[in-house]
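Reader: I've got a model open and I'd like to talk through its cavity, its cross-links and its salt bridges. Can you put it up on the screen?

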Amino acid sequence: MNIQVGRILLASGLALFAAAPFTPASAQKSMSVDLVVVGAGGSGVSAARQAQMSGVKNVVLIEKQPAIGGTANFCEGMFAAESSLQSQVGIVVTREHAFRTIMEYSHWKANPRLVRAFIDKSAESIEWMKQNGVAFKYVAATTPGAPMTWHVFDGLCKKAVNTLAARFTENGGKILTKTPGKSLINEKGTVLGVTAEQDGAPLEIRAKAVIIATGGYANSKELMTKYTDYPDTIPIGNIGKDGDGIKMAWAAGAAKEGMGVLQTYRPGLPKYLANSHLMAAARQPYLWIDHNGFRFTDETIQSNWPFAGNALVKSGGTAISIFDADTRKFLETNGIEQPMGEYLHSGSKLMKFEEELQKEIATGNNKAFVANSLAELAQKIGVNPAVLEETITQNNTFAEQRADGQFFKSPKFLRPVKTPPFYAVKLHPTMLGTLGGVRVNEKLQAVGENGMPIPGLYVVGNDAGGMYGDTYDLLMSGSTMGFAVNSGRIAGENAAKYIGAAK
Ligand SMILES: Cc1cc2nc3c(=O)[nH]c(=O)nc-3n(C[C@H](O)[C@H](O)[C@H](O)COP(=O)(O)OP(=O)(O)OC[C@H]3O[C@@H](n4cnc5c(N)ncnc54)[C@H](O)[C@@H]3O)c2cc1C
């Protein structure tokens, strides 16, 4: 192992050795490496493995949680354009098309040089994954009509990340879990390592360069309140995402970019994952009303989660999904019409709906309801009964006429609400993470307000800004894990050059 775990230093500068008795709690361990990567999720593991493959000998990857993977433990596939897998099955998505789509969707608020670097690397990253023992299952799109850019991993992203991490450690890399990075060692404007914490004691990791990959700020009340339109947006699959890396980079002089952009997901409730039958029923694009009882969107918007998130926030943050006994029976016998990613395919029968519904009602959280009349339902969900009745009468007319006279929803999803019992589930904005924080250039170097790179500092994945305008882009399926992997790899290669290790 190439890591040099150094002496334990007292604050006074006296040196003791690890085995020495009476070591005070404040004792500081130190180590000296070539490169430290902070955060062992999708981007951090990719960065560490790439740096190693690019010739950096002593790479240490530190992780706050007891296990690696971060949000990537939940994801399914990554973006690529012009990949070998696409061409094998006749899918054509050119880099030019991907570039124009991303830039136009963002109204050219995204960073074009960064976007171009990401797209250009993406096909090669599929080969790089394969070279590292990672397999893919198929290529698809996450939203209807989008180009097929979502390269779904065999064993999903969790297996991919663990496979990369195994290659990294087999080749001499070191992963330290339960080791949160705390601050950057910044000497005269050059970043020379990280201070971290291990077992409550400070750990100083001196390095020639640092890559920050801490996955954003989805769990930071402070940053969510300061920078986002709906601070109570429910984070899915995120824990301990306190914006640590973003704050560390800002403190070192990096500029802000992309704060407030969320990876909004389908409206939902806390603690429910995409495989929940209760959520799948409520998320079908049938009839959604706002907290006042008015319909506020073409419900099929839910298949384009970023749009659904925007519409929901604009309407006050609560969507009440309403359906009747006939629809419930349809979902149990025919199955869902709107799939939930890889978790529940189209046609999945919601046999656990009743069990999950009763459990949710029993929590007393007032999020799921069943009633024998519309008046009773209105009272339970706290909506004016006359408004609810008018909305439902209108919905039933649209269903009968097979035409949505309000928001032009596809008639396929117009279902009447007329057979009791009636069901309602309250849904709120959710997200898979935050997307942005630190301004970077196309080499993934953190840059200051003057646009100049901060020597020794790279920021990747969800901590980096510049990939999006004001809204997450689902047109390029798999773009966030794709960005994690590609930004990580680009940073790893450039850090290797900076350190002077590049092969
Ligand atoms: C249910 C779900 C499904 C998804 N599906 C897809 C998909 O199919 N395709 C796609 O493109 N994206 C998908 N995503 C999003 C994707 O997982 C993320 O975009 C990606 O994981 C981001 O990578 P990251 O490295 O920035 O963050 P993460 O993968 O979250 O990694 C960050 C790591 O940093 C650690 N960390 C935080 N603070 C510190 C600290 N101070 N010190 C040390 N470590 C720290 C965290 O614990 C974590 O391990 C999905 C997300 C969810 C929740």
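Reader: Which elements each supply at least two residues of the lining of the largest cavity?

Author: Keep in mind that this is a predicted model. By the rule used, there is 1 cavity of 30 Å³ or more. Among the 13 residues lining the largest cavity, the closest to its centre are L435, G436, A464, M467 and Y468. The elements that each give at least two lining residues are β24 (464-465) and α14 (479-499).

Reader: How much space lies in the largest cavity?

Author: Rolling a probe the size of a water molecule over the atoms shows where empty space is left. For the largest cavity here, that space comes to about 80 Å³.

Reader: And by class, how many charged residues does the lining of the largest cavity have?

Author: Sort the lining residues into classes and you get 6 nonpolar and 7 polar ones. That leaves the charged class, and its count is no residues.

Reader: β24 came up in the lining. Which strands stand at the edges of its open sheet?

Author: The sheet has 3 strands with mixed pairing, in the order β15-β21-β24. An edge strand here has a single partner strand, so one side of it is left without a neighbour in the sheet. The strands at the edges are β15 (256-257) and β24.

Reader: In β21, which residue is the bridge partner of E257?

Author: Strand β21 covers residues 437-439, and β15 pairs with it in the antiparallel sense over 2 bridges. Follow E257 across to β21 and you land on G437.

Reader: What about β16: how many of its residues are buried?

Author: Strand β16 runs over residues 262-268 and is mostly covered. It pairs with β20 (residues 422-434) in the antiparallel sense over 4 bridges, and the partner of G268 in β20 is H428. As for burial, the count for β16 is 7 of its 7 residues.

Reader: On to the cross-links. Which residues form a disulfide?

Author: The structure holds 1 disulfide, with the sulfur atoms 1.9 Å apart. It links distant parts of the chain, 82 residues apart: one end is in the loop between β5 (59-62) and β6 (77-79), the other in helix α5 (residues 156-170).

Reader: Why is the disulfide of C75 and C157 called left-handed?

Author: The handedness comes from the torsion about the S-S bond of C75 and C157. The disulfide is left-handed because that torsion is about -85°.

Reader: How many salt bridges does a search of the whole structure find?

Author: Side chains of opposite charge can pair when their charged atoms come close. Some of them form a network, with E82, R95, R116 and D120 linked together. Over the whole structure, the search finds 26.

Reader: Take the salt bridge of K208 and D34. Is D34 buried or exposed?

Author: The two side chains meet at 2.8 Å, N to O. The bridge links distant parts of the chain: K208 is in the loop between β12 (201-206) and β13 (209-212), D34 in the loop between β3 (28-32) and β4 (35-38), 174 residues apart. K208 is partly exposed at 42% relative accessible area. D34 has 13% relative accessibility, and with the cut-off at under 20%, D34 counts as buried.

Reader: Staying in α4, about how many helical turns separate K121 and E124?

Author: These two form a salt bridge as well, with the closest N and O atoms 3.4 Å apart. K121 is buried at 10% relative accessible area, and E124 is partly exposed at 39%. They are 3 residues apart in helix α4, so the separation is about one helical turn.

Reader: Last one: how far apart in space are Q379 and S276?

Author: Q379 is in helix α12 (residues 374-381) and is exposed at 60% relative accessibility. In sequence, Q379 and S276 are 103 residues apart. In space, C-alpha to C-alpha, the distance is 26 Å.

How values were computed. Residues numbered from 1 in each chain as written. Predicted model: local features only at pLDDT ≥ 70, side-chain atom pairs only at ≥ 80, totals over all residues. Heavy atoms only, no water. 1 Å grid on protein atoms, 1.4 Å probe; cavity = no way out; pocket = protein on both sides within 12 Å on 5 of 7 lines; lining within 4 Å. Points joined across faces, edges and corners; volume = space filled by probe spheres on them. Nonpolar A, V, L, I, M, F, W, Y, C, P; charged D, E, K, R; others polar. Disulfide = S-S within 2.5 Å. Pairing = 2+ DSSP bridges. Buried < 20%, exposed > 50% of the residue type's maximum accessible area, 1.4 Å probe, protein only. Salt bridge = Lys/Arg side-chain N within 4 Å of Asp/Glu carboxyl O.
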